[in-house]
Amino acid sequence: MTEINFRNAQFLISAPSLRECPAEEGAEVAFAGRSNAGKSSAINCLTNNGKLARTSKTPGRTQLINFFSLGQGAQQRLVDLPGYGYAKVPLATKREWQAHLSEYLYKRKCLRGLVLLMDIRHPMQEFDTMMLNWAVDANMPVHLLLTKSDKLKRGAANNTLLQVNRSLKESGVQDLVSAQIFSSLKNVGVQQLEQVITGWLNPPAGEDEASVKN
Ligand code: GDP
């Protein structure tokens with residue numbers, strides 16, 4: 001499998017909706033989570049680049065879909081989806097976000113997978129289940145990051161992972177949805193996350209040649 005250097009990530013563009021997204025070429029992996037789930041910290045940790053995370057925290061960009069190129073002529077991208085669950089947002093704005101998020105998930109053809117972040121102390125809240133259901137409905141692979149694992153003792157963190165895995169199995173989605181423990185603060189699970197994303201972004205063997213011939 002071709003290795004990806006996540007440290008090469010660079011800000012590409014911000015888009016308010018699917019229409020303004022970059023061309024449907026190459027492959028991308030999106031990050032979603034409630035506000036404060038640790039999304040910026042995780043992207044920062046993965047790419048070793050605080051500037052990217054700041055991009056997504058810039059007022060005015062928090063509600064945008066932010067694209068980062070991983071090199072190779074921007075044929076591989078990370079996508080930071082708008083955070084969700086800010087307390088004082090009007091209902092109409094929330095509905096608009098929902099529409100953009102679901103449209104992106106359902107219609108974006110170059111999207112290969114969704115990393116869904118949730119605080120390990122409060123997994124599977126309303127927004128998380130909503131995103132998970134959309135993704136499963138769209139047959140989109142999902143990797144759940146149980147973030148801030150350093151806030152729990154090791155045993156408790158592993159228990160939560162077990163419970164989440166059990167509920168995925170009970171729902172019959174274990175082939176599409178995986179989960180892991182993660183901590184940006186303590187650098188826990190970074191390699192595992194890199195492997196999942198690399199697997200998603202690399203085209204299946206032979207596809208490269210086919211696209212050259214066409
Ligand atoms: P975002 O709103 O999802 O982008 O969340 P942030 O990355 O900004 O993180 C929200 C808060 O959680 C900040 O105060 C971070 O310092 C804290 N945080 C993020 N990741 C971790 C982690 O792995 N461990 C701990 N203890 N705190 C974290």
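User: Is Asn 36 buried or exposed?
Analyst: Asn 36 is exposed, at 64% relative accessibility. The cut-offs: buried is under 20% relative accessible area, exposed is over 50%, partly exposed is in between (1.4 Å probe, protein chains only).

User: What should I know about the source?
Analyst: It is a predicted model: local features need pLDDT of at least 70 and side-chain atom pairs pLDDT 80 or more, while totals for chains, interfaces and linings use all residues. Numbering starts from 1 along each chain as its sequence is written, and side-chain values use heavy atoms, without hydrogens and water.

User: Where is Asn 36 placed?
Analyst: Asn 36 sits in the loop between strand S2 (27-33) and H1. Helices (H or I, at least four residues) and strands (E, at least two) are DSSP runs, numbered from the N terminus.

User: What is phi of Asn 36 near?
Analyst: Phi is near 80 degrees for Asn 36, which is positive in a residue other than glycine. Most residues other than glycine have a negative phi.

User: Another one: what is phi of Met 124 near?
Analyst: Met 124 has a positive phi too, near 55 degrees, and is also a residue other than glycine. Met 124 is in the loop between S5 and helix H4 (126-137). Met 124 is partly exposed, with 26% relative accessible area.

User: Switching to helices. At what angle do the axes of H1 and H2 cross?
Analyst: Roughly 155 degrees, for H1 (residues 39-47) and H2 (residues 50-57), with the axes coming within 7 Å. That makes the two helices roughly antiparallel. Angles over 145 degrees count that way, and under 35 as roughly parallel. Axes are lines fitted to C-alpha atoms over the stretch in contact, with angles from 0 to 180 degrees between N-to-C directions.

User: Which residues of H1 and H2 make that contact?
Analyst: H1 brings Ser 40, Asn 44 and Thr 47. H2 brings Gly 50, Leu 52, Ala 53 and Lys 57. Contact means heavy atoms within 4.5 Å.

User: Tell me about Ser 40. What is Ser 40 in contact with?
Analyst: Beyond its neighbours within four places in sequence, Ser 40 is in contact with Ala 53 and Lys 57. Ser 40 counts as buried, at 15% relative accessibility.

User: Which residues of H2 are buried?
Analyst: Leu 52, Ala 53, Thr 55 and Ser 56. Down the axis of H2 they fall within an arc of 150 degrees, so they line one face of the helix. That arc uses directions from the helix axis to the C-beta atoms. On the other side of H2, Lys 51, Arg 54 and Lys 57 are exposed.

User: What do the buried residues of H2 pack against?
Analyst: Their partners are strand S1 (10-15), H1, strand S3 (65-69) and strand S4 (76-80).

User: Next, H3 and H4. How far apart are their axes?
Analyst: The axes of H3 (residues 91-107) and H4 are 9 Å apart, at an angle of about 30 degrees. H3 and H4 are therefore roughly parallel. Leu 101, Leu 105 and Tyr 106 are among the H3 residues in contact, and Phe 127, Met 130 and Trp 134 are among those of H4.

User: Last one, Leu 117. Is Leu 117 buried or exposed?
Analyst: Leu 117 is buried, with a relative accessible area of 0%. Leu 117 is in strand S5 (residues 111-119).

User: What does Leu 117 touch?
Analyst: Not counting residues up to four places away in sequence, Leu 117 touches residues including Phe 31, Ala 42, Asp 128 and Leu 145. Leu 117 and Leu 144, 27 residues apart in sequence, are 5.9 Å apart, C-alpha to C-alpha.

Notes. Parallel < 35°, antiparallel > 145°, perpendicular 65-115°, else oblique.
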